[in-house]
Amino acid sequence: DLMYGQYKSSIECSVCKSVSKNFESFSICSLPIPNQREIEIFFVNESYKTKPHRMLLKYPDNKHTLKDLRDDLAVILNKSPQAIQLAIGDKTSIRVLHDLSPATFQVSHDLGSKYLCAFELSPEEQDIPPQRRLYVGFQTLKADFANEPKEIIGIMKLLVLDKQMTNRDVHLAIFE
């Protein structure tokens, strides 16, 4: 419905130099679709003081894994791959990806209305051994009045806790 136009062609007679112009209308224009594979990813800084960066990362083939994606992202951002934790989120939940062996194209096709996030871990969070990490997702809610429905602001955030933390340490981490 949005693609209409006209081709203009001109022919000049080599003998009498007469010019004939012809306009031919069209409603279909075929364009090749490039076979580029890319995935949208949101990079969330460790401090949460800046907005998440939306990035489109290209990957070369079907053998490219999430680990490769994390490594590519680390190179682009000049970060250590261990400082990046991948997760899939939506409006109400977040799921941390521990297994990075799935193919990037498969994850990209399975996302649907969800989004892929890369969270930068702070140096303290990186010091927690992976088997002791506890990931907690949280969101910022906005409500002008107590009885009004709350509006979700932004994307899910990730809090990394140590399973050996005391209640006081957990409260301080949440408060921060």
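Is D127 buried or exposed? At 64% relative accessibility, D127 falls in the exposed class, where exposed means over 50% relative accessible area, buried under 20% and partly exposed in between (1.4 Å probe, protein chains only). This is a predicted model, so to speak of local features a pLDDT of at least 70 is needed, side-chain atom pairs count only at pLDDT 80 or more, and totals for chains, interfaces and linings use all residues. Residues are numbered from 1 along each chain as its sequence is written, and side-chain values use heavy atoms, with hydrogens and water left out. As for the overall build, the chain comes to 4 helices and 9 strands, taken as DSSP runs numbered from the N terminus (helices H or I, at least four residues; strands E, at least two). Read from the N terminus, the order is β-β-β-β-α-β-β-α-β-α-β-β-α. Of the 176 residues, 30% count as buried. With a contact taken as heavy atoms within 4.5 Å, 53% of the contacts between residues at least 6 apart in sequence join residues at least 24 apart. The chain exposes about 12700 Å², and carbon and sulfur atoms supply 53% of that area; accessible areas come from the Shrake-Rupley method with a 1.4 Å probe, and for residues only the protein chains shown count as cover.

Back to D127, which sits in helix α3 (residues 123-127). Together with E46, E124 and E176, D127 makes up a patch of negative charge on the surface. Patch members have over 30% relative accessible area and no salt bridge, with like charges joined within 9 Å and nonpolar side chains (Val, Leu, Ile, Met, Phe, Trp, Tyr) within 5 Å. Asp and Glu count as negative and Lys and Arg as positive, while His and the chain ends are not counted. The place of each charge is NZ of Lys, CZ of Arg, CG of Asp or CD of Glu.

Salt bridges come next, and the structure holds 5 of them, each being a side-chain nitrogen of Lys or Arg within 4 Å of a carboxyl oxygen of Asp or Glu. R54 pairs with E40, their closest N and O atoms lying 2.3 Å apart. This pair ties together distant parts of the chain, with R54 in strand β4 and E40 in strand β3 (residues 38-44), 14 residues apart. R54 is exposed at 54% relative accessible area, whereas E40, at 32%, is partly exposed.

A second bridge joins E120 to K79 (3.1 Å, N to O). Here too distant parts of the chain are linked: E120 belongs to strand β7 (residues 115-120) and K79 to the loop between α1 and β5 (84-89), 41 residues apart. E120 counts as buried because its relative accessible area is 11%, while K79, at 29%, is partly exposed. Elsewhere, salt bridges that share partners join K67, R70 and D71 into one network.

D71 and K67 are 4 residues apart in helix α1, so about one helical turn separates them. K67 is partly exposed, at 41% relative accessibility.

D68 and P81 lie 13 residues apart in sequence and 9.8 Å apart in space, C-alpha to C-alpha. T65, for its part, is placed in the loop between β4 (53-58) and α1 (66-77). At 18% relative accessibility, T65 counts as buried. Leaving out residues up to four places away in sequence, T65 touches L100, S101, P102, A103 and T104.
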